[in-house]
Amino acid sequence: MERYHSRKIEGYWQEKWQETELYRSVVRPDQPKHYALTMLPYPSGDLHIGHWYAMAPSDCRARFMRMRGYNVLFPMGFDAFGLPAENAAIKRGIHPHVWTLQNVEKMREQLRSMGAMFDWEREAVSCLPGYYKWSQWFFLKFYEKGLAYRKRSPVDFCPQCNTTLAREQVWGEDRHCERCSTPVVKKELDQWFFRITDYAEELLDFSKIDWPERVVTMQKNWIGKSEGAEVIFQLETGDELKVFTTRPDTLWGATFMVLAPEHPLVEKITTEPHRDTVREYRRQAERQTEIERLAADKKKTGVFTGAYAINPVNSERIPVWVADYVMMGYGTGAIMAVPAHDERDLAFARTYDLPVLEVIKPMEGVTADGELFIGLEDGVMVNSGPFSGLPAPEGREKVIAWLEETGRGKRAVNYRLRDWLISRQRYWGAPIPVVYCPSCGVVPVPYEDLPVLLPEDAEFLPTGESPLKHHKEFLHTTCPKCHGPAERETDTMDTFICSSWYQYAYLSPYHEGPLPFAQEEAAYWLPVDQYTGGVEHACMHLIYTRFFTKVMRDLGLVNFDEPMLSLRNQGIILGEDSEKMSKSRGNVIAPDELVERYGADTVRAYLMFGWRWELGGPWDSKGIEGVYRFLHRVWDLLLAPVPGSGEEGDPPAEAIKALRRKVHQTIKKATDDLTEFSFNTYIAALMELSNLMAKVKKDLYQTPAWTEAAESFVLLLAPACPHLAEELWARLGREYSVHNQAWPVWDKELAAEETVEIVIQVNGKIKDRVMIPADAGEDEVREIALEREVIKELLGGKPPRKVIYVKGRLMNILP
RNA sequence: GCCGAAGUGGCGGAAUUGGCAGACGCAGUAGACUCAAAAUCUACCGCCCUCAAAAGCGUGCCGGUUCGAGUCCGGCCUUCGGCACCA
């Protein structure tokens, strides 16, 4: 008999699927829809095993939903702008455009070899003008709504990538670039920002989405909401100094003020005798942030300005200091220091011998850790004038009310989240559609002039300035308003903008018309039902795309609040040495070679079977052999005839029952597991069924029970191994295509066990096992159990004190 | 330091959510087939003691709740992620 030959059948069916447009997804208003989406790849030119690990199980899930009767949209595209293309150009002299499109072409082929149900008619490539026209369109809409603005400020700059970065793209303690791991430096630049902070509060609401707790927590931490009060301190110079505090109940304990070195008031309020030291300190601080932020020895330094502030609650005169432990970028860039109840303030006070005044005492029964009551939120206010004696949480509210009444402050909320810096000083991105006119100022490019085309013939050398700046024809333009000479913005947009709306682009790629996507498609498919991808995007892409969708809703483009209703993260496949895969380590697993050797179906099934999907782990080249053997066994099991079958008498009724039982149990298990993304146990269940089928094959081959088992098996296998299932389906004489069949339904009665083994415990220890009818009641089981020799002996003729019975599982007898 | 996730055989991992710990697979051992090897098939496969059986031990550690704990509660330890002078 012909053996399982993966390469032959996979190529054949991939062509057939394409010819018959099996995976075209079209709007069918009478059918429930399911929009399954997996994160789009960057076209690096090589699909690696991580892509497979993300996409193949996602495809399996999408196929499962399709068989369950949903009209499924499962699109694919490319996040095609970005640095590697430009770097390749610099290094090897290939134009980014050529490099990228070649890579897209290659990866398309690699993706096809996976046998996924992607609808290629909906493919979108973000570097094509028909796509980035709309990325620019969104910029203009954001600008119109006041959500895009230009501002000069100290920003993070990656000296390796030669561009500024968003706060989200700066990682780790050493504040390195997310792409190249180089530590970033600060630069004072004019940059475009998106006002994501306007949506901070709404982004904290996760009630409408089923996302992993992990991602929700990371986003909550990232947004970093803290509630408290803004308090106004009068300075003796007559200036007002605003500070943010989460602890207005500790106001009476404020014994000094601290300004960030960059605080605008510093220069103004510093008195003559202190001017030189303060200036020197500021210079030092500035240098330090640029040179080495790593100095995490946390020694507090600062200088006195000579100025004094008046504490609004008790009119105490308190000194104003400058210190670099206060950051300009958070709150107001100034704090009231309460050394008695804040660790950092205490360290500072100890260093410079400033007074420490205790205003919160532990509640009765609670003892403070040290001599002071640092950081804890409960306690009783003391030394706080009329508020003394109040519990601290209540005090906070009362003090805020009092501040508001007396005009000395107000309730305030602060977020850690910063506005999204979207300017990049690179060539390979969508140009920011703005013109600078000497007489009209900042002028947005009119919608009808979109796209602002990226010129092909730029010099993309990494100078730290945008290459477009040196492209004269691009740079020089006319003002859309006054038609006088003007200059274009030469920075391009962060590629995360392109990926913030790609799920909408797939609906009608490169859409022509007044809006970025077709409304009739949107009305049917949106929002995304199931999103899958890596957790590393928790605080970047996944926040940005939520932000985009909320803005789109406010623009009237969509009528929902969240882009993706459900999200699942896969883990990471490591090299066989348990290290992260990398070319330099030489531990990279190439999927193309695996497909060549084992076939796509084996690779798919192994990626599902080998690990818990959300965890991932090290590759095991022996493990994939096991799955390969399994698929070979399946082939022989379903296709190899049993010589002389059907000749000798009736098949045993018990075996038939057992087989049917297993089939229906497996249907249930597979259904539950795929619903829950438990791919490994789903494959294991198929293996169990095939093991049983192998055992009973010689007795039951070609009986109706066998046929039912065989067909069910193929249907259950179809989402995981689409090619093999299609081939088996055809060879079993069924009509094309297996992927248009309905998912099998399990029959509760057939799946039910007739007899079950229950465990008999005495005092919680297993002493005996006995088969009982599954529907036996407690009394019946008790009778059987107490008659067992072992149990009788252990009880010594006495009646048991107590008997616990768990139906169909166990009986625990206490003597 | 704060937040989160995870610790189960030699390995990847199961365990209907409080009820037979180790499904399924990898690796291993023995056997069958073979001149031989590979492939395939069959059996065994947590630890300890034992010729064997029985007993005993066993889900990171310590304690608790319970007839019964991998699962629940309290306290630790380790690993991996995220955040971090955020006022």
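Does glutamine 702 count as buried, partly exposed or exposed, and at what relative accessibility? At 57% relative accessibility, glutamine 702 counts as exposed, where buried means under 20% relative accessible area, exposed over 50% and partly exposed in between (1.4 Å probe, protein chains only). Glutamine 702 is found in the loop between helix 21 (679-700) and helix 22 (704-717), and has a positive phi of about 70 degrees although it is not a glycine. A positive phi of about 65 degrees is also found for serine 578, likewise not a glycine, which lies in the loop between strand 26 (572-574) and helix 17 (591-598) and, at 44% relative accessibility, counts as partly exposed.

The structure is a predicted model, in which local features need pLDDT of at least 70 and side-chain atom pairs count only at pLDDT 80 or more, whereas totals for chains, interfaces and linings use all residues. Residues are numbered from 1 along each chain as its sequence is written, chains are lettered from A and ligands numbered from 1 in the order in which they are written, and side-chain values use heavy atoms, with hydrogens and water left out.

The secondary structure of chain A comprises 26 helices and 31 strands, taken as DSSP runs (helices H or I, at least four residues; strands E, at least two) numbered from the N terminus. Buried residues make up 54% of the 815 residues in chain A. The domain assignment, which is automatic or from a database, gives domain 1 (134-220 + 419-496), domain 2 (225-415), domain 3 (591-750) and domain 4 (753-814), and the C-alpha centres of domain 1 and domain 4 lie 72 Å apart.

The largest nonpolar core holds 184 residues, a nonpolar core being a set of buried Ala, Val, Leu, Ile, Met, Phe, Trp, Tyr and Cys residues joined through side-chain atoms within 4.5 Å. Its largest share, 10 residues, comes from helix 2 (residues 49-67). Domain 1 and domain 3 both give residues to this core, so it lies between them. Among the members that touch the most others is Trp52, which, neighbours within four places in sequence aside, is in contact (heavy atoms within 4.5 Å) with residues including Leu47, Met114, Pro591 and Leu607. A second, separate core of 48 residues includes Leu235, Leu241, Val258 and Val359.

Cis peptide bonds join leucine 450 to proline 451, with omega about 0 degrees, and leucine 526 to proline 527, with omega about -5 degrees. Proline 451 is placed in the loop between strand 20 (441-444) and helix 12 (472-475), and proline 527 in the loop between helix 15 (519-525) and strand 24 (528-534).
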